[in-house]
Structures are given as C-alpha cells and as structure tokens.
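Reader: I am new to this structure. Please take me through one part slowly, then show me what lies around it.

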Amino acid sequence: MRRVTELLKRTFKRMYKTWRDRPYEISEVFESWIGEGAHTGLPATFVRFSGCNLDCEGCDTPQKSRVTFMTHFVEEVVEYISLFSKRRSPFYHWLVLTGGEPMLQVDFPLIRALIEAGWIHIHIETNGTVKLPYDEVERFIWNEHPICKVWYAVSPKSNLVIPEVFSQADEIKIVIPKEMTWFTRIVEREQYQLQSKCIIWLMPWMDDKYEENLDETLRLSKLWNVPVTLQWHKLVGWR
Ligand code: SF4
C-alpha cells in the first residue's frame, strides 16, 4: 500500500508543477568554494537570489539587485540550478543559497524539491531578519532524508534580527567592527538560546581599514575565546 501511495505521489508531482504567487528571482548561479565559516574550502554551487530587505552601508554584493532568471515554479528553479552545476559528489559538494537575502524567497517547497533532486547538503546564508522554515525542513529531513543537512549561517546586520533565527542557527558570523553591537549580545549565548553546537565566529571586515579590523578581531578573539574566520574568497580571489 505504501509503495502505491509513493507511486501516486511521484506521478502527481510529475504531472503538476509547484506554483506559487510570488516568483523566485535569481541573480546568478556559479561554482566556487565556500570562503568563510565552518565550511571554508568546500566546493559548492552558489545560487544568489535577488533582492534584500536591508540596505547596509558598504554592502559587498551589488549584484544582488540584478535578476537573470525568474519563475513561479519550484521545479524550474531546480532545473535552472542544475544547468550551472557540475557537482561530482553530493557528499562534498554543497549548495549555497545566498543573496541579497535568500530567505525572502527560499521556502519549504523549494528546499524539499532541492533535496529530492539530490542536493543533500544545503547551506543558507541569511541576515536573520526573515523567519526560517526550520521545523518543516527538520521534520521532512528526519522522516524522509535523514542523511541530508540544511545548514543555517546567520550574519546579523540589523536590530531587526528575529531571536528565534539565532536559536536555529548552525553558525553566526559577526563582522568586526561593522556589527560590533551584536558581539557582546551574542557571546552571552543564553540570551538567544543558541544551540550548543552553534559556532560563533568573528570576521574582520575587508575594507580599507582591514589591518585595524583584523587586529581588533584578534584582540576580541583572545579576550572572549571566540574563533576567527577570514573571507578567503576575497583574499584568494575566488568568486
Ligand atoms: S544584508 Fe547583506 S546583501 Fe543585504 S544589504 Fe546588507 S550586506 Fe548587502
């Protein structure tokens, strides 16, 4: 009976595309290596979703406002990504959903479709101001794809961060000195009920005061025992 239900489910999926009111808008898809945080150095396909709900001074992704692909259909997003990806091993090759702010667009149906298409490691970069479909995703993975992992990397940029998102984060990257206000708040982990596995990183901002920022990052790291991550993609010239 279970097999028949599965078969029917698959047939329906093939017959009907998953449509939603608001289109998905993608700025670019490219392959590179993850440049910062816990997954530094891992090969990945990057999907940059267009648009952001913040307007940070010195934003380092001006290409976020460009739209090169737009669709209302989840399946077409999955197909579009596969056009640009040459991933060889699903275990070592991650899919990075970034922006702009990807969580303005990324929803549970899209994450489910990506996992069903074979992306077993998905890394999401968010500024933490949009609710995550955390429970739905965790339930789906637990029940149907236990080897998958959806990793939430939060880099706070504004006071609008939703505390619940911090408590769901796998890693939090605090840019020094730009987001200093978050530093003291976050290192007191209890306030946001961070998961015990959540890694807090300090990351020096790469502007014309980089050396000063790096010194300050190292000083705070020693003082608070918080690890440092660099933006290797910028230092080494990865995309
Ligand atoms: S949250 Fe990120 S992408 Fe959005 S404006 Fe700020 S730095 Fe740019």
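Which residues of helix α2 (residues 74–84) are buried?

Author: Some ground rules come first. The model is predicted, so local features need pLDDT of at least 70 and side-chain atom pairs count only at pLDDT 80 or more, while totals for chains, interfaces and linings use all residues. Residues are numbered from 1 along each chain as its sequence is written.

Now α2. Its buried residues are Val74, Val77 and Ile81. They cover an arc of only 60 degrees around the axis, which puts them on the same side of α2. The arc is that of the directions from the helix axis to the C-beta atoms. Buried means that 20 or more other C-beta atoms, placed from the backbone, lie within 10 Å of a residue's own; exposed means 12 or fewer, and partly exposed is in between. Helices (H or I, at least four residues) and strands (E, at least two) are DSSP runs, numbered from the N terminus.

What do these residues meet? The buried residues of α2 pack against β1 (19–33), β2 (43–49), β3 (69–73) and α3 (108–116). Contact here means C-beta atoms, placed from the backbone, within 7 Å.

Follow α3 next. Ile115 lies in this helix. Ile115 is buried, because 21 other C-beta atoms lie within 10 Å. Beyond its neighbours within four places in sequence, Ile115 is in contact with Ile120, His145 and Cys148. Ile115 and Lys149 are 34 residues apart in sequence, yet 9.3 Å apart in space, C-alpha to C-alpha.

Gly100 sits in the loop between β4 (94–98) and α3. A cis peptide bond joins Gly99 and Gly100, with omega about 20 degrees. Another cis bond runs from Ile176 to Pro177, with omega near 5 degrees. Pro177 is in the loop between β7 and α6. Most peptide bonds are trans.

The buried residues of α7 are Asn213, Thr217 and Leu220. Their arc is only 70 degrees around the axis, which puts them on the same side of α7. On the other side, Glu211, Arg219, Lys222 and Leu223 are exposed. The cover over the buried residues of α7 includes β7 (171–176), α6 (180–187) and β8 (199–204).

Step off the end of α7. Asn225 is in the loop between α7 and α8 (232–236). Asn225 has a positive phi of about 65 degrees although it is not a glycine. Asn225 counts as exposed, because it has 8 C-beta neighbours inside 10 Å. Gln193 also has a positive phi, about 50 degrees, and is not a glycine. Gln193 belongs to the loop between α6 and β8. With 12 C-beta neighbours inside 10 Å, Gln193 counts as exposed.

One last residue links these parts. Val187 lies in helix α6. Val187 is partly exposed, because it has 18 other C-beta atoms within 10 Å. Leaving aside neighbours within four places in sequence, Val187 is in contact with Ile200, Trp224 and Val226. Val187 and Asn225 are 38 residues apart in sequence and 9.7 Å apart in space, C-alpha to C-alpha.

Technical notes:
Two residues are in contact if their C-beta atoms, placed from the backbone, lie within 7 Å.
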